[in-house]
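Visitor: Could you walk me through this structure, one question at a time?

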Amino acid sequence: MKTLLVGAGATGGYFGTRLAMAGRDVTFLVRSKRASQLRDGLRVYGPGYDETVPVQTITAAELGDQYDLVLLMTKAWSLEAAIRDIAPAVGPDTTILPLLNGMVHLRQLNDRFGADAVLGGIVRVVCTVTAEGAVFQMKPHASLTFGAQDRQQTERLQMIGRELKAPGFSSVISGDILASMWHKWAFITAGGVVTCLMRGPIGHIMAVPAGKEFILDAIDETERVAAAAGYPVSADAHAASLEMFTEPGSVFTSSLYRDVVAGNRHEGEHLLGQYVRIADSLRVEVPLTRLALTQLRVHEQAAPASHPSD
């Protein structure tokens, strides 16, 4: 199965190199600068390992062949450009699996390529790209969950499931991927609200009076929106949020907060802004999420980001 992976950042770089090391036919669609950077391979390192993996790259101008599977692992602001870029690679039998945060991207992809060609999916991994362009995995666990938007279990889906199994992460076909996506969106929104408003890692927030109570309020707020949308967060998903966000001494910060602190372009509008819009449409009060969104907007006005990561 020929796979085109769009994006060689933290998430794409991690999962793409795991698939490449497992012998999958994976090509990274990247900009010319990143292609030059990856000429000698992509360094990926983390707890207990440090590897430089040879990777295949291609630029949008070089695309000609169609692919069996397209994995979209871009940031939200790159989606429109990515849709234009991948068009030559998408044929009548191509399946597109977007692994972006949130939900809004599904509508854009469905409109362009048709819902039958587009799966839903989420990944869980804590990675970042270093100044040298390497991928640093900060926590040892990673997972990929995907499925059909209409919940159908087809032979094509099973074939993709076999293709996306590789050492280094777990891979699961979900029977209700939209629920899984909503649960992750609630999770990352809570993490963004907590760390952006408190301007620090979970361990520091837990160490102060009322810190834990604030975290629990943020989790409850985001989960109420998911429930109102028809996707109540499961007990297991809620427990996972508690484990991640209330661990004493944890150095965890959200990727949104890390981007803000680094002066990089961030997904505040895509994650928190869209969450607030949906909450308003569902008539769910989200004061903490709204406050965090306002804080991010003020930050952008006061010190516009230089966005060196673009």
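Predicted model: local features only at pLDDT ≥ 70, side-chain atom pairs only at ≥ 80, totals over all residues.

Visitor: Leaving aside its neighbours within four places in sequence, which residues is Thr246 in contact with?

Guide: Residues are numbered from 1 along each chain as its sequence is written, and side-chain values use heavy atoms, leaving out hydrogens and water. Contact means heavy atoms within 4.5 Å. Setting aside neighbours within four places in sequence, the partners of Thr246 are Ile202, Met206, Ile215 and Leu216.

Visitor: Is Thr246 buried or exposed?

Guide: Buried means under 20% relative accessible area, exposed over 50%, and partly exposed in between, using a 1.4 Å probe and protein chains only. Thr246 has a relative accessible area of 17%, so this residue is buried.

Visitor: How are α3 and α4 oriented to each other?

Guide: Helices are DSSP runs (H or I, at least four residues), numbered from the N terminus. The axes, lines fitted to C-alpha atoms over the stretch in contact, have angles from 0 to 180 degrees between N-to-C directions. Helix α3 (residues 79-86) and helix α4 (residues 104-113) cross at roughly 25 degrees, their axes coming within 11 Å. Angles under 35 degrees count as roughly parallel, over 145 as roughly antiparallel, 65 to 115 as roughly perpendicular and the rest as oblique, and therefore α3 and α4 are roughly parallel.

Visitor: And at what angle do α8 and α11 pack?

Guide: Helix α8 covers residues 211-228 and helix α11 residues 268-282. Their axes lie 10 Å apart, and the packing angle is about 60 degrees.

Methods: Helix = DSSP H or I, 4+ residues; strand = E, 2+ residues; numbered from the N terminus.
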